[in-house]
Amino acid sequence: MTLMNLTRICLKNIVNYKKSLFTDNNIRFNEKQTYFSDTKVLVQLLNNAKNIKSNEESVYVKRHHNDKAKNPAISQFTREETMPDYFVAYKNAIKAAGTNERIINHLYYILAKFVVKEYIMKMR
């Protein structure tokens with residue numbers, strides 16, 4: 001299974017992690033980072049997991065946010081508002097990848113796609 005396929009599985013399906021994977025490796029979400037804090041956590045989990053399984057029959061129920069004042073969804077913000085957190089998240093994720101070249105290259109690939117897409121959208 002390639003890293004790219006694994007990332008898609010993690011995003012499309014529920015992936016269950018043992019609590020010990022978090023506690024034994026001191027993996028925590030950065031509560032000060034408003035957006036994209038899961039990026040670094042996912043990289044740390046990938047780096048520390050001995051094996052990874054997914055349940056393709058799981059269903060993810062996404063809660064619809066529609067209260068911009070009290071509990072806004074990330075989609076209710078402009079790219080300009082969330083972009084700084086996006087780059088900080090990927091910078092931290094790349095650091096967390098350590099020497100794992102597969103993860104580092106995949107993160108740079110995602111960043112390059114994002115930047116090119118944003119640039120093309122601005123050109124239109």
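Helix α4 is followed by Gly98, whose phi is positive, near 60 degrees. Welcome to this chain, which is a predicted model, so local features need pLDDT of at least 70, side-chain atom pairs count only at pLDDT 80 or more, and totals for chains, interfaces and linings use all residues. Residues are numbered from 1 along each chain as its sequence is written, and side-chain values use heavy atoms, with hydrogens and water left out.

**The whole chain**

- The chain has five helices and zero strands; helices (H or I, at least four residues) and strands (E, at least two) are DSSP runs, numbered from the N terminus.
- Read along the sequence, the pattern is α-α-α-α-α.
- Of the 124 residues, 27% count as buried, where buried means under 20% relative accessible area, exposed over 50%, and partly exposed in between (1.4 Å probe, protein chains only).
- The chain exposes about 9,600 Å², and carbon and sulfur atoms supply 53% of that area; accessible areas come from the Shrake-Rupley method with a 1.4 Å probe, and for residues only the protein chains shown count as cover.
- Among contacts between residues at least 6 apart in sequence, 65% join residues at least 24 apart; a contact means heavy atoms within 4.5 Å.

**Helix α4**

- Helix α4 covers residues 79–96, which makes 18 residues.
- From its first C-alpha to its last, α4 reaches 25 Å, close to the 26 Å expected at 1.5 Å a residue; the expected span is 1.5 Å times one less than the number of residues.
- The buried residues of α4 are Thr82, Asp85, Tyr86, Ala89, Tyr90, Ala93 and Ile94.
- Cover for these buried residues includes α3 (38–48) and α5.
- An α-helix has 3.6 residues a turn, so residues three or four places apart point the same way.

**Helix α5**

- Asn100 caps the N-terminal end of α5, with a side-chain oxygen 3.2 Å from the backbone nitrogen of Arg102. Such a polar contact is a pair of N or O atoms within 3.5 Å; within protein, one must be able to donate a hydrogen and the other to accept it, and residues adjacent in sequence count only if both atoms are side-chain atoms.
- Ile103, Ile104, His106, Leu107, Leu111, Phe114 and Glu118 are the buried residues of α5.
- Leu111 lies in α5 and counts as buried because its relative accessibility is 14%.
- Leaving out residues up to four places away in sequence, Leu111 touches Tyr86, Phe87, Tyr90 and Ile94.
- Leu111 and Phe87 are 24 residues apart in sequence, yet 8.2 Å apart in space, C-alpha to C-alpha.

- Gln33 lies in the loop between α2 (19–24) and α3, and Gln33 is buried because its relative accessible area is 11%.
- Not counting residues up to four places away in sequence, Gln33 touches Asp85, Val88, Ala89 and Asn92.
- Gln33 and Ala89 are 56 residues apart in sequence and 8.2 Å apart in space, C-alpha to C-alpha.
- The side chain of Gln33 reaches the backbone oxygen of Tyr35 at 3.0 Å, and a polar atom of that side chain lies 3.4 Å from the backbone oxygen of Asp85.
- Asn26 is also found in this loop and has a positive phi of about 50 degrees although it is not a glycine.
- Phe36 belongs to the loop too, with a positive phi near 65 degrees in a residue other than glycine; at 22% relative accessibility, Phe36 counts as partly exposed.
- Thr39 lies in α3, and its side chain reaches the backbone oxygen of Phe36 at 3.1 Å.
- Thr39 counts as buried because its relative accessibility is 12%; leaving aside neighbours within four places in sequence, Thr39 is in contact with Ala89, Tyr90, Ala93 and Leu107.

**A nonpolar surface patch**

- Val116, Tyr119, Ile120 and Met123 form a nonpolar patch on the surface, with about 430 Å² of accessible area together.
- Patches are made of residues with over 30% relative accessible area and no salt bridge, with like charges joined within 9 Å and nonpolar side chains (Val, Leu, Ile, Met, Phe, Trp, Tyr) within 5 Å; a salt bridge is a side-chain nitrogen of Lys or Arg within 4 Å of a carboxyl oxygen of Asp or Glu.
- Ile120 lies in helix α5 and counts as partly exposed because its relative accessibility is 41%.
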